[in-house]
Amino acid sequence: MKNPKHGQIWYYLKPEKPALAVITLSGIIYNVGMTANPWFEGKLVQYLCDIIDGTKAFHNMLKLALVYTAVILIIQSMRFVKRLYVRKFANHINRAMKEDLYHSMISKSKADLETEGVGSLMTKAIFDVDACAEGIRKFTTEIFDTGVVMIAYFVLLLGYDWRLTIISMLFPPIAYMIANRLKKIVTESAKSYKESAERLSAATYDRIGNALTYRIYGQESNQNALYEKCLVDYEAKAVKANIWENAMQPIYMVISMAGCICVLWFGGKNVSGTGWAQWDIAAFVTFLSCFTKLSVKSSKAAKLFNSVQKASVSWNRIKLWLTPKDEIKIESQIIHKAKTDEKTALEVEHVSFCHKGCPYLFSDISFSAKLGEIIGITGPIACGKSTLGQLLLGEMPYEGTIKMYGDVSYMGHETELISGTIEENILLGDKADVQDALSWVQMDEEVSSMPKGIKTRIGNGGITLSGGQQARIALARTLQHRKEILILDDPFSSIDMETERKIFSTLKELAKNSAVLLFSHRLSLFPQMDKVIWIGKDSFIVSNHQELMSENPEYAAFYRAQTQTNDNKGGSHDEK
């Protein structure tokens, strides 16, 4: 997933060149114009003294004040333009990062996402991107509001008295040096805060997702105590991070402002005519005001330095996940090919798989599927049925070759319903009538009897439905969006046998133009399958029901154990 182009933040700045041009122009005009403030302040004080002495009239000061107001209006209009485009610029970067992060995450395998952890991913997706974009915004703003204006102030000060400027300016760099020495502490505290936020997010999702389990087993108080520990840790880390980022601000300002002592002492001498330069009251006020503003800006620059360090922590955490959607390549060994045989839909050749560091789950398996075929795949518990289904989706690496001659529709062992209406779960944004899909899974009457019908909201994961209803909604969705290859993992596990037979009868009609791979531990319908694949402890057999019954004792025992149980319960079966 690592892309060299994304090792630098400039990747996200390049598309914003027009906005940066406007920011640069308005920023320079505004911040250079800010030197007018101390100049006008000095002149106004001088005019006031002259009015008291009788050398100037009030209307002279009024004219100067009107000119001052007009200049400030122009300068502040440039400030408005700059801030508007800085905010747009930062919002565009935030959006671009989140879009890249979103597409990067959905391209990852489920195993990779689970390894990363939900809490960590949500922190990256929300807090880290926001922190990074905010750091860029602050830096872009302050490069002008602090950097440019400080240079302008410094040049103005040099024009009045270069010796006094150098002496008084010895103090602001000390604030920078302290901020730089605290760089590691700020970075580490920000990192600890982010990690604590991850743990809190993960604990929150776990507490919500497993609330019923904890309640049933009487673990609520223990989990509440653990969650409280996460909250306490998060609060402590947040306070520490904020202290190092914000609490040093007064110290930086005091150090920067220490030069005022020199300005008052030596500036007073300049006014009295015994200093390095000849000043009037206007020059003294202008110099003092300009230095004060410069010192305040320099102390904020130290704070900005810490904010940038905090943002860099977030950037380092997310940059490897930021791959543009048009450059994402979903890593899959599956070969999608144009059809050479009109009926062939899938070819699996010499495929083997094992989890890392474990023995092979199955090895050297080969089979093919044609359009119109329904292939039943079964075996003992933990034989690898669901794993084989995931291999066919390209979710895990394997040895061998899988060739697909069409698109895939998939219903997993977990229904993965969304927190929406029944209609939304089936259509997934498409515009169509869901009544046919509901009738295919024998659920049309049940849904019509619900107060809101197809508009009934089913809750997160379909929590308001029974297990059988959840399975049938998921199957209806798969059939509504059926492709050339249908992979169904235990679609009937929570459905009674009579409903199962009705749905299977419909499935045979709907799947005439699809190859169906039906993974199941229930074998009542396997006599009707076109092929049966048996995944045994030491065998992988592609055959049919009749031959397996006569030639494979393991399969025969598995089938008879189920059918005899069904007979005892009053069920029926059709063993051929």
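1. Helices and strands are here DSSP runs numbered from the N terminus, a helix having at least four residues and a strand at least two. The model under review is a predicted one. On this numbering, D490 falls in the loop that joins β7 (485-489) to α20 (497-510). Its backbone deserves a look: D490 is not a glycine, yet its phi is positive, at about 50°. D490 has a relative accessibility of 9% and is therefore classed as buried, the limit being under 20%.

2. In contrast to the loop position of D490, D364 is part of strand β3, which covers residues 360-370.

3. The largest nonpolar core contains 45 residues, and the members that touch the most others are I426, L438 and L507. Helix α19 (residues 467-480) is the main contributor to this core, supplying six residues.

4. Leaving aside residues up to four places away in sequence, L438 is in contact with I422, I426, M443, D444, V447, I454 and I473. One of these neighbours, I426, is itself named with L438 among the residues of the largest core that touch the most other members.

5. On the surface, a nonpolar patch is formed by F154, L158, W162 and I166, whose accessible area together is about 360 Å². Two elements, α6 (118-160) and α7 (162-168), each give two or more residues to the patch. F154 belongs to helix α6.

6. The charged pairs come next. Side chains of opposite charge can pair when their charged atoms come close. The model has 18 salt bridges, counted with a limit of 4 Å between side-chain nitrogen and carboxyl oxygen. One of them joins E373 to K531, with the closest N and O atoms 3.9 Å apart. This pair connects distant parts of the chain, 158 residues apart: E373 sits in the loop between β3 and β4 (374-378), and K531 in strand β9 (residues 531-535). Both E373 and K531 are buried.

7. A local pair is found in helix α20, where R501 and E498 are three residues apart, about one turn of the helix. Their salt bridge has its closest N and O atoms at 3.3 Å. R501 is partly exposed, because its relative accessible area of 31% lies between the limits of 20% and 50%. E498, with 41%, is also partly exposed.

8. R215 and E220 form a further salt bridge through their side chains, at 3.3 Å from N to O. R215 is partly exposed, with a relative accessible area of 48%. For E220 the corresponding value is 29%, and this residue is likewise partly exposed.

9. Finally, some salt bridges are connected to one another: K82, R83 and D145 are linked in a network.

How values were computed. Residues are numbered from 1 along each chain as its sequence is written. This is a predicted model: local features need pLDDT of at least 70, side-chain atom pairs count only at pLDDT 80 or more; totals for chains, interfaces and linings use all residues. Side-chain values use heavy atoms; hydrogens and water are left out. Patches are made of residues with over 30% relative accessible area and no salt bridge: like charges are joined within 9 Å, nonpolar side chains (Val, Leu, Ile, Met, Phe, Trp, Tyr) within 5 Å. Accessible areas come from the Shrake-Rupley method with a 1.4 Å probe; for residues, only the protein chains shown count as cover. Buried means under 20% relative accessible area, exposed over 50%, partly exposed in between (1.4 Å probe, protein chains only). A nonpolar core is a set of buried Ala, Val, Leu, Ile, Met, Phe, Trp, Tyr and Cys residues joined through side-chain atoms within 4.5 Å. Contact means heavy atoms within 4.5 Å.
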